[in-house]
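Biologist: I have a new structure to look at. Can you walk me through it?

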Amino acid sequence: LSINCYIFSQISFGIKTGLNLSHAQYLDDGDEQLVKPYRKLKPGFVTGIVFNSKLNEVLSVQVELLYAQKGLRFEQQPYSKSVNSMNYLELPLSGHYKIAGTTFSEFNAFIGGYIAYWTDGKYKYTELSSGETDVQKVDFNNPDYKYNRIDAGILGGFAYRINKTTLFVRYLHSMAGSSEINADALTNRVISIGLIFLVIN
């Protein structure tokens with residue numbers, strides 16, 4: 001009972017919110033080289049809940065449940081621009097190492113992995129000369145196209161806590177393509193910046 005109470009006392013709970021800057025890449029080298037000169041960072045948001053369990057004075061384990069907006073954006077001036085929006089439920093797991101700290105502050109480095117489920121998305125194409133826009137939702141039930149809705153990969157970054165607020169910077173690198181057809185498959189690359197507000201510490 002005393003061990004269980006000690007473990008529970010070391011668990012903190014927080015709310016995470018931040019900005020995702022995505023630059024998904026094509027698995028196919030030909031498509032990637034065509035898009036690369038025109039790729040722009042696609043903004044989105046990431047939000048969810050965070051649980052952190054301290055193992056000792058310097059090590060902790062963190063698990064999160066997030067809603068994350070990812071995808072691809074590119075512009076070919078003065079002709080067209082397009083945005084692939086890809087939204088996920090994301091489950092990251094990471095190990096944290098305390099580099100420095102005081103009673104009220106802490107600086108951590110972390111590394112880990114994640115698995116995610118592609119919930120929805122859309123493709124938006126705009127002709128810049130005419131302003132005409134075409135929007136199509138992702139149809140996961142399309143019998144002529146096989147999507148891969150499971151994403152997984154690695155992540156790492158830094159977190160700096162002052163009292164009950166933590167500033168984090170994270171890089172996420174997908175290891176799975178978004179389609180079973182490599183020529184069309186995208187792999188997510190995401191930089192996240194944001195805050196974690198501790199509710200229980």
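Modeller: Here is a quick tour, from the overall fold down to two residues.

Modeller: This is a predicted model, where local features need pLDDT of at least 70, side-chain atom pairs count only at pLDDT 80 or more, and totals for chains, interfaces and linings use all residues. Residues are numbered from 1 along each chain as its sequence is written, and side-chain values use heavy atoms, with hydrogens and water left out.

Biologist: How many helices and strands does the protein have?

Modeller: Two helices and twelve strands. Those are DSSP runs numbered from the N terminus: H or I of at least four residues for helices, E of at least two for strands. The order along the sequence is α-β-β-α-β-β-β-β-β-β-β-β-β-β.

Biologist: What does the C-alpha trace span along its principal axes?

Modeller: About 65 × 35 × 25 Å.

Biologist: And what share of the residues is buried?

Modeller: Buried residues are 39% of the 201 in the protein. Buried means under 20% relative accessible area, exposed over 50%, and partly exposed in between, using a 1.4 Å probe and protein chains only.

Biologist: What about contacts between residues 24 or more positions apart?

Modeller: They account for 64% of the contacts with a separation of 6 or more. A contact means heavy atoms within 4.5 Å.

Biologist: Let's zoom in. Where is glycine 71 found?

Modeller: In strand β5, residues 59–76.

Biologist: Why does glycine 71 count as buried?

Modeller: Because its relative accessibility is 0%.

Biologist: Which residues is glycine 71 in contact with, leaving aside neighbours within four places in sequence?

Modeller: Ser22, His23, Ala24, Lys42, Asn84, Met86 and Asn188. Lysine 54 is another story: 17 residues apart along the chain, the C-alpha atoms of glycine 71 and lysine 54 are separated by 34 Å.

Biologist: And glutamine 69, buried or exposed?

Modeller: Glutamine 69 counts as buried, at 18% relative accessibility. Glutamine 69 is in strand β5. Not counting residues up to four places away in sequence, glutamine 69 touches Asn20, Ser22, Gly44, Phe45, Met86 and Asn87.

Biologist: New topic: charges. How many positive and negative side chains are there?

Modeller: There are 19 positive and 18 negative side chains, and the centres of the two sets lie 10 Å apart. Lys and Arg count as positive, Asp and Glu as negative; His and the chain ends are not counted. Each charge is placed at NZ of Lys, CZ of Arg, CG of Asp or CD of Glu.
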